[in-house]
Amino acid sequence: VQLQAYGGGLVQAGDSLRLSCAASGRTVSSVVMAWFRQAPGKERGLVARITGSGGSRYYADSVKGRFTVSIDNAKNTLYLQMNSLKPEDTAVYYCAAGGVRSIYSNDYTYWGQGTQVTVSS
């Protein structure tokens, strides 16, 4: 699976952004898809996860109620709608694909290149 993430940018606190992750080489309906993020000096952590069917979603506590993960099987694309952005959301966001519903980055086999999200106060 090849993944390409895009949609990051510089926004102000309270703004919204939508990240996209286009997949090729394998249908996303057959894998578990996730968004991770990594801020400078911090470990990469799970933001949200969704099964390929869209039937199961998981969110980190820090983004619950603000972020929404979704998947479009027809477009083979994963999305992350981010609302009410905060400065602490500033990080490089990565999309990932794997075979299990895990919160650990090591369990994901395929990774996109990352897209920078910067939220100014």
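Mentor: A definition is needed at the outset: two strands count as paired if DSSP finds at least two bridges between them. Please also keep in mind that this is a predicted model.

Let us begin with its neighbours. S3 belongs to an open sheet of 4 strands, arranged in the order S1-S3-S8-S7 with antiparallel pairing. The edges of this sheet are S1 and S7; each has a single partner strand, so one side of each is left without a neighbour in the sheet. From one strand to the next, the twist averages 15°. Strands of a sheet pair through backbone hydrogen bonds, either parallel or antiparallel.

The two pairings of S3 may now be taken in turn. Strand S1 (residues 2-6) runs antiparallel to S3 and is joined to it by 5 bridges. Within this pairing, Gln-4 has Ala-22 of S3 as its bridge partner, while Ala-5 is partnered by Cys-21. S3 also pairs with strand S8 (residues 77-82), again in the antiparallel sense, over 6 bridges. There, Leu-17 stands opposite Met-82 of S8.

Next, consider individual residues of the strand. Ser-20 has its place in S3. Because its relative accessible area is 5%, and buried means under 20%, Ser-20 is buried. Not counting residues up to four places away in sequence, Ser-20 touches Gln-4, Ala-5 and Tyr-6, as well as Trp-35, Thr-77, Leu-78 and Tyr-79.

Cys-21 and Cys-95 form a disulfide, with their sulfur atoms 2.2 Å apart. Cys-21 lies in S3 and Cys-95 in strand S9 (residues 91-98), so the pair ties together parts that are 74 residues apart in sequence. A disulfide is a covalent bond between the sulfur atoms of two cysteines. In this case the link is right-handed, with 65° about the S-S bond. Cys-21 counts as buried at 0% relative accessibility, and Cys-95 is likewise buried with a relative accessible area of 0%.

We may now turn to the nonpolar interior. In soluble globular proteins, nonpolar side chains tend to be buried together. The largest nonpolar core here has 32 residues, of which Met-33, Trp-35, Leu-80, Met-82 and Tyr-93 touch the most other members. S3 is among the strands that each supply at least two residues of this core; others include S1, S4, S8 and S9. Leu-80 has contacts with residues including Leu-17, Arg-18 and Leu-19, and also Trp-35 and Tyr-93, when neighbours within four places in sequence are left aside. Another core, of 6 residues, lies apart from the largest one and has Val-32, Ala-34, Leu-46 and Ala-96 among its members.

Finally, let us follow the chain beyond the strand. Is Val-31 buried or exposed? Val-31 counts as buried, because its relative accessibility is 7%. Leaving aside neighbours within four places in sequence, Val-31 is in contact with Arg-26, Thr-51, Gly-52, Ala-97 and Gly-98. The C-alpha atoms of Val-31 and Ile-50 are separated by 9.1 Å, and these residues are 19 residues apart along the chain.

Key:
Residues numbered from 1 in each chain as written. Predicted model: local features only at pLDDT ≥ 70, side-chain atom pairs only at ≥ 80, totals over all residues. Heavy atoms only, no water. Buried < 20%, exposed > 50% of the residue type's maximum accessible area, 1.4 Å probe, protein only. Contact = heavy atoms within 4.5 Å. Disulfide = S-S within 2.5 Å. Core = buried A, V, L, I, M, F, W, Y, C linked by side-chain atoms within 4.5 Å. Axes fitted to C-alpha atoms, helices over the stretch in contact; angles between N-to-C directions.
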